[in-house]
Structures are given as structure tokens and as C-alpha cells.
Amino acid sequence: MAHYSGPLLTRELADALSAGRDAGAPEWTGSLDLGRTTGVAALESERWRWKDREYPYPARLKDRTIYYWDGEDFAAVSRFSGSLIKLVPTPWGAPTFEIDGIKMLPTAKDSPVDDARRKVALVEPRGKSVLDTCGGLGYFAACCLEAGVGRIRSFEKNADVLWLRTLNPWSPDPESPASGGRLDLSHGDVSEAIATIPDASVDALLHDPPRFGIAGELYSQAFYEQLARVLRRGGRLFHYTGSPNKLTSGRDVPREVARRLERSGFKAELALDGVLASRR
């Protein structure tokens with residue numbers, strides 16, 4: 001799907017546009033693409049203009065919601081297909097997303113892109129062939145492209161997440177010149193698709209699965225053995241686990257993951273909020 005190029009609004013941005021108009025300002029300067037760029041909107045009494053197109057001033061918008069122009073009105077970047085999935089603004093510009101109110105990316109202390117950048121650096125992607133098992137909004141892929149990856153193959157199971165990516169200016173577009181043909185994004189379940197990937201054909205792995213209770217198959221011994229099969233000897237894997245509270249969950253998920261990876265042929269250690277492993 002083509003990436004959206006129109007304005008993205010939050011409640012704060014919409015209020016700022018209206019306040020500028022009410023104050024008699026001829027224009028407003030700021031970002032209408034979640035902090036990627038800064039531009040100027042011309043303010044008129046009934047409408048405002050940005051990039052040679054006119055838009056109405058929206059009615060009061062909801063907090064913690066991002067809106068896009070759907071051709072008729074500003075609509076929330078959200079969908080309901082069995083679960084409510086939505087793009088959520090952060091103080092850092094780059095958004096996170098939620099599924100049924102559960103935040104999918106850590107954003108409390110840092111930008112989700114900076115967080116992804118630190119994790120990607122652990123697998124040293126420059127010039128390598130990288131497998132990104134659970135693409136999400138594509139921040140791992142974006143950081144790999146930034147770091148000079150040779151090729152990155154990314155899977156995303158949820159079609160609604162892929163739709164969010166087309167509206168998020170921080171998500172890499174496989175068709176853009178910036179990607180240079182190095183990003184291969186597939187709509188598919190990596191737990192099934194991995195069987196089609198040849199042995200030792202991947203130089204590095206990034207594994208950022210949903211929580212264990214949602215996608216237990218992506219934490220299974222059988223899946224880790226498949227990861228070991230496709231990764232060349234010496235290749236690195238970063239596995240995001242988060243830090244679930246052992247007192248409430250009764251489990252030490254990072255150490256469980258490390259033990260399973262060890263049994264599958266990796267040397268594993270805890271790193272950041274996950275596990276860093278290398279193929280023995």
C-alpha cells in the first residue's frame with residue numbers, strides 16, 4: 001500500500017491551529033508529520049492550507065489519538081478487526097501503537113526509534129542479511145537501513161499493523177528511494193514462513209514478538225531451533241522479552257528464553273530488555 005503524505009493531527013496540534021486563527025495570525029509553523037519535518041500552514045477563517053491543499057479546522061479531537069485526512073474528514077488512525085488497534089502519539093514524535101489498550105513499544109523514557117537503534121546496534125547490521133521476525137511499525141527495519149544493512153527481510157502477521165505503517169511517517173517504506181530496495185516486507189506469520197528460509201542464510205536476527213501470553217509459539221523450543229537453523233554460525237540474535245514482573249507473573253521470562261536459546265544452539269546472555277545470543 002502507498003504511504004500517506006497528508007497532514008497528521010493530534011488534539012494539541014488542532015488546538016494550536018485554531019488558536020493561531022483566533023489570534024489573527026496569518027500562518028502557523030510546526031510539524032504535521034509527527035516531528036519528521038517542520039512546515040508552514042496558512043490560516044484562514046474557515047480553512048487552513050498546507051502543501052497546496054485546504055483542510056477544515058476539525059472539531060475537538062480526542063487525547064492520545066492521531067488523525068489523518070481520509071478525503072472527507074479527519075479520522076482516527078485506528079481500526080477494529082476483532083481487536084482495537086491504534087497509532088498513539090508520544091512526546092518523542094515517533095508514535096507507538098496499542099492493541100486493545102496494551103502499548104506495544106516502550107516509550108516512557110525514550111523515543112521508540114532510539115530504543116530500537118540501541119537494540120539493532122547489538123547485532124551490527126552493516127552489510128549483513130538480517131531477518132526481522134515481527135516487523136511491527138518497522139522501527140527495527142528503519143534503524144537497520146540507517147546503519148547500512150545489506151538486506152533486511154521483515155514479516156508482519158497483522159494486516160492492521162501494516163495499515164498503520166502506511167500512515168506513520170516514521171515507518172520505512174520498502175518502495176521509497178531511502179530503502180534502496182534493501183527492505184523486503186511480507187504480510188505473513190513468521191512461525192510458519194520461517195520453514196521456507198534456507199539454512200544458514202541469515203547473518204543476524206531481530207526477534208520482537210508480542211507478549212508470551214499472546215504469541216507463545218514465538219517463544220517455543222521448536223521456533224528457536226528454526227532460528228538457529230537459518231542463522232549462520234557466529235551470527236547474532238537480539239530477542240526482546242520486556243521485563244515482566246516476576247512477583248505477579250510467577251515467571252522469569254528473560255531467563256527462560258535464554259535457557260531455551262542455549263538448548264537450541266546459541267550462547268545467550270541478558271542484554272537491555274531482552275536476550276542477546278550468538279549462534280554456536
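User: Which residue stands opposite Leu185 in β14?
Analyst: In this predicted model, Ser154 stands opposite Leu185 of β14.

User: What joins strand β13 to β14, and how do they run?
Analyst: Two strands pair if there are at least two bridges between them, and five bridges join β13 (residues 151–156) to β14; the two strands therefore meet the criterion for pairing, and they run parallel.

User: What is the order of the strands in the open sheet?
Analyst: The seven strands follow the order β14-β13-β12-β15-β16-β18-β17, and their pairing is mixed.

User: Why is one side of β14 and of β17 left without a neighbour in the sheet?
Analyst: β14 (183–187) and β17 (266–271) stand at the edges and each has a single partner strand, so one side of each has no neighbour in the sheet. From one strand to the next, the twist averages 15°.

User: What does helix α2 touch where it packs on the sheet?
Analyst: Contact requires heavy atoms within 4.5 Å, and α2 (residues 112–122) touches β15, β16, β17 and β18, its direction making about 155° with that of β16.

User: What makes up the lining of the largest pocket, and which residues lie nearest its centre?
Analyst: A lining residue has an atom within 4 Å of a pocket point, and the largest pocket, with a volume of about 1,200 Å³, is lined by 45 residues, of which Met104, Asp208, Pro209, Pro210 and Arg211 lie nearest its centre. Helix α2 gives the most to this lining, with four residues, and by class the lining has 25 nonpolar, 10 polar and 10 charged residues.

Technical notes
Residues numbered from 1 in each chain as written. Predicted model: local features only at pLDDT ≥ 70, side-chain atom pairs only at ≥ 80, totals over all residues. Heavy atoms only, no water. Axes fitted to C-alpha atoms, helices over the stretch in contact; angles between N-to-C directions. 1 Å grid on protein atoms, 1.4 Å probe; cavity = no way out; pocket = protein on both sides within 12 Å on 5 of 7 lines; lining within 4 Å. Points joined across faces, edges and corners; volume = space filled by probe spheres on them. Nonpolar A, V, L, I, M, F, W, Y, C, P; charged D, E, K, R; others polar.
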